[in-house]
There are 2 protein chains.
Amino acid sequence: MRRRGPSIADVARLAGVSGQTVSRVANDRPNVDTTTRDRVLAAMREVGYRPNSAARALRNGQFRNIGVIVFELSSFGNTRTFNAVGQAATAAGYAINLIPLLDADQGKVTGAFTRLQEQAVDGIIILIEAHQLDEAEIHLPEGLPVVVVDSSAHYDYPIVDTDQAQGARIATEHLLDLGHSTVWHLGGPPTSFAATRRRRSWEETLAARGCPVPPLLVGDWSAASGYAVGRQLAADPAVTAVFAANDEMALGLLRALHEEGRSVPGDVSVVGFDDQESAAQFWPPLTTVRQFFPEVGRRAVEALIAELGAEEHHHRPVSVPTELVIRSSTAPPRVG
Amino acid sequence: MRRRGPSIADVARLAGVSGQTVSRVANDRPNVDTTTRDRVLAAMREVGYRPNSAARALRNGQFRNIGVIVFELSSFGNTRTFNAVGQAATAAGYAINLIPLLDADQGKVTGAFTRLQEQAVDGIIILIEAHQLDEAEIHLPEGLPVVVVDSSAHYDYPIVDTDQAQGARIATEHLLDLGHSTVWHLGGPPTSFAATRRRRSWEETLAARGCPVPPLLVGDWSAASGYAVGRQLAADPAVTAVFAANDEMALGLLRALHEEGRSVPGDVSVVGFDDQESAAQFWPPLTTVRQFFPEVGRRAVEALIAELGAEEHHHRPVSVPTELVIRSSTAPPRVG
DNA sequence: CCTAGACATGTTGACGTTAACAAGCTAGCG
DNA sequence: CGCTAGCTTGTTAACGTCAACATGTCTAGG
């Protein structure tokens, strides 16, 4: 069994001062004599004092703790955002509490649910598609500040997200500008708002340019699904330009095209979305839409802390723009 | 400012019972009359009661909280392990506290340090190369149970890790068994114990088979570094088999070989390490060593909880074996 | 020499929860 | 009818910290 660690009282006894003085030293307050401070510091070191954050949280009514709800950390975007949130929170003096939603077979709800039912966090950042919360039958406690990192506009929480629409637009326009007569789209799962946003923006961009809108192709974000769809696409010589909704699917697509002997970008141009580190090392190096995850994470934490501090808010959605990174997987269509 | 939520006292007042009875209901204790229980439950619902975990932690001297120290979540392995630890901890009723080590320019030490200086976690799982803790000048508080997920044997904490040596051995042997006269190695950074383990095992395996040991090639885990090294390798016709210390570097290596017109696996066979999801979609699909991250995470949490419970331990390192996944990037060498 | 004010230090109580103990009630049994 | 056993419910105190207030000490200025 764990024994309790030394408390303020132990330090106070050793240093021959009151607990309050120890508290003042621990919190770096002024109004403590230098000699006393040194004595207390020495005593702290001797007994190995560490403030008990539970007592602090109880006293202050704040946990300095942000809960992050996430389905799983497998996907690139989630991971990057989570990491960024962690960095930003730490820099702001908050700790991160991971609230993973377990798989159905492990009792989907329980984990996050029990955790949320307790007061242990000051606020929550939701990194999953918000509507999945409903499916999982998770009710967020009222009065707990929440920020959603997802472009769903259906929730009246503050929202921070990459500008999906702008990203899909510049990807599509890049291909059209190269001279392709239209652009095919390998979309993400329809349950994802990000995927839906990208798809809709792709459609709108084509429509605005007066280009025909080819049938939508659907994957599930995985490279394997990109490959599966790619096998079909590769057989169709009419396809000269594809915009994949993420880099992973683009990777599978590239493989399928290689297998079918279709050259990239000679026969087919491919654009991805994310700009994951390795996209520059795909074969050929992938032209893609770069997301600025650290910025998204930073803004999300910022928004939550703002929410924590004040009484009333008119929260305006924060949209972080993307940037097109042109590499070697796109080129003008072969003539004729 | 955040107002404090309703407490046991509020519920008790509304239900017309004592606080203790509310506590009993909240903790699902027996010895509460059904009628009373229902009344309390109703009152809880009405006021929106959520137990205050800080008060609980203070009372019980336990946080049900595991701190995870991690450098950054960018690398595939770290992420997967972190995710697995999160799932396992949640299943065991523990929450995860992320303790990111910030970059040098943000004040490397501070974040994790202050967090660790507070009692807020019952134990710690270290996901970084343990020796980096020294570099960051982080001192783990004494008496705090620690589990290290890293094969460094230099620390007397319980250790859980993938069996790096076995993984590197089966990778090397696979290539030799195909008939290659020797195997080149694209290693990870020398600061990494995992990289060192893999390298040493590669050397030993070659030596055991009486094969010459080619000069070591060094990358930094990134696909870009794999590409850089690959450019040199590709120029050397003597190279017919390469074992890369992770899949990312293998990806860069593949690109370099494609660029030089060396066919894979015709001219050069390549094996990776990790089996990240997309490895099956590389071009060509990558033969690689699969790590079982969920298992590693599960065992790490298990080890930590054991550590938490008992007084004294003789901790034996836990080694999780790997598995070779044969795909299309390896073949016998061209004859002649 | 006296007093106001600045500063150092101490005392008290409350944050919300629950273990330990105490008290009250009912049922069963000789 | 009296006594005990078993159950429900209540009271008290303590976990560690720190704001608020109280007290004590020293210095400067009239």
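**Entry 1: chain A.** Among contacts in chain A between residues at least 6 apart in sequence, what percentage join residues at least 24 apart? I found 71%, a contact being heavy atoms within 4.5 Å. I worked on a predicted model, in which local features need pLDDT of at least 70, side-chain atom pairs count only at pLDDT 80 or more, and totals for chains, interfaces and linings use all residues. Residues are numbered from 1 along each chain as its sequence is written, chains are lettered from A and ligands numbered from 1 in the order in which they are written, and side-chain values use heavy atoms, without hydrogens and water.

I listed 12 helices and 12 strands in chain A, taken as DSSP runs numbered from the N terminus (helices H or I, at least four residues; strands E, at least two). Of its 336 residues, 56% are buried, that is, under 20% relative accessible area with a 1.4 Å probe, protein chains only. Chain A exposes about 14200 Å², of which carbon and sulfur atoms supply 50%; I used Shrake-Rupley areas with a 1.4 Å probe.

**Entry 2: the two chains.** I superposed chain A on chain B by a rotation of 180° with 0.0 Å of shift along its axis, RMSD 0.1 Å. That is the relation of a two-fold axis.

**Entry 3: α10(B).** I noted Tyr227(B), Val229(B) and Leu233(B) among the buried residues of α10(B). The buried residues of this helix pack against β6, β7, β8 and α11 of chain B.

Notes
Copies are superposed by least squares on the C-alpha atoms of residues with pLDDT of at least 70 in both. Buried means under 20% relative accessible area, exposed over 50%, partly exposed in between (1.4 Å probe, protein chains only).
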